[in-house]
Amino acid sequence: MSKHRWFEDLQKNIQSGWLLLDEPLNKYTKTRLGGKADVVAAPGTIEEVQAVVSYAFTNEIPILLLGNGSNMVVRDGGVRGIVMYMANLNNIKIDGNRMIAEAGANIIDASKQAAIACLTGLEFACGIPGSIGGAMAMNAGAYGGEIKDIIHHATVMDATGKIFVLSKDELELGYRKSIITTEGYYVLSAEFWLTQGEQCDIDAAVADLTFQRESKQPLEYPSAGSVFKRPPGYFAGKLIQDSGLQGKGFGGAEVSTKHAGFIVNKNNATAADYIQTIEMVKAEVKKNFGIDLEMEVKIVGEELSE
């Protein structure tokens, strides 16, 4: 079955969202890298998500889930199959101390809304450039806070289109991992339980964390964020810095001179440049310190054919 047939079939089920054929993915990734997807489907409702997932399962079409593209490198050859873009599912609702956020909402926006409502617990996320779905899948964290500290439950969908609820314990949240990633579930929404706080304290914490992020991270260039997980007993950025790799790279990609844990798209890099720079960093740190750096970002898609 051709991608044109997929497109035509999915059009019947996506009314409030949208579909695109042969769509470049560099528009959707924080690295500004990536070739074309066969089909990008952006459902507007849970029912439309279910329709896409069920169609793909029935017809054995691969699906790649895309939040806001902050933790992903898409190869230059693009993605075969369907890319499901969740940005239309972005509602955030606050009810007392509870926050219910859909998968496509930005976690930064959720943090802002919590602060406005004088709720504390989500300040750590004020600078995390990811979606709620991605944050749930990776148990995102920063500055001493993690998703697992505040999550109560999540509503997810499996590969067949079945919807169910997972409690905090059932989510199996660990360091940059969860049952969502191991089982290939799709996050639909999450409910967080926060605490009433003092407005001045919340605002001060957010201002401090924002300053730390802006002063230390290379936000002036496209990047996938922190590329590597923290090795036990070490900091990836320090190992990379001590290997003398800052400012080095391939093509338009380089290890940031501002924060060694970031690889930036400094000058119209290709995904191949970015990935080659990642491999160079891993090899040098292994050679210098005997430590195997583990990727935090996900590399997807196909190489560009000659």
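**Salt bridges and strands in a predicted model**

Student: What does Lys 238 count as in terms of relative accessibility?

Tutor: Lys 238 counts as partly exposed, at 47% relative accessibility. Please note that this is a predicted model.

Student: Which residue does Lys 238 form a salt bridge with?

Tutor: The partner is Asp 242, with the closest N and O atoms 2.7 Å apart. Asp 242 is partly exposed as well, its relative accessible area being 43%.

Student: Why are Lys 238 and Asp 242 separated by about one helical turn?

Tutor: Because the two residues are four apart in helix H7, which spans residues 236–242.

Student: Is Arg 176 buried or exposed? And is Glu 296 buried or exposed?

Tutor: Arg 176 is buried, at a relative accessible area of 13%. Glu 296 is also buried, at 16%.

Student: What about Lys 258: which side chain does it meet in a salt bridge?

Tutor: Lys 258 meets the side chain of Glu 220, at 3.9 Å from N to O. Lys 258 is partly exposed, with 37% relative accessibility.

Student: Let us move to the strands. In what order do S15, S16 and S17 form their open sheet?

Tutor: The order is S15-S17-S16, and the pairing is antiparallel. Strands S15 (223–226) and S16 (253–255) are the edge strands, each pairing on one side only. From one strand to the next, the twist averages 20 degrees. Three bridges link S16 to strand S17 (residues 262–265), and Val 255 stands opposite Ile 263 in S17.

Student: And S3, which residues are on its covered face?

Tutor: Leu 64 and Leu 66 form the covered face, while Ile 63 and Leu 65 form the uncovered one. In a regular strand, side chains alternate between the two faces of the sheet.

Student: How many bridges join S3 to S5?

Tutor: Four bridges join these two strands, which run parallel. Leu 66 has Tyr 85 in S5 as its bridge partner.

Conventions
Residues are numbered from 1 along each chain as its sequence is written. This is a predicted model: local features need pLDDT of at least 70, side-chain atom pairs count only at pLDDT 80 or more; totals for chains, interfaces and linings use all residues. Side-chain values use heavy atoms; hydrogens and water are left out. Two strands pair if DSSP finds at least two bridges between them. Axes are lines fitted to C-alpha atoms, for helices over the stretch in contact, and angles run from 0 to 180 degrees between N-to-C directions. Buried means under 20% relative accessible area, exposed over 50%, partly exposed in between (1.4 Å probe, protein chains only). A salt bridge is a side-chain nitrogen of Lys or Arg within 4 Å of a carboxyl oxygen of Asp or Glu.
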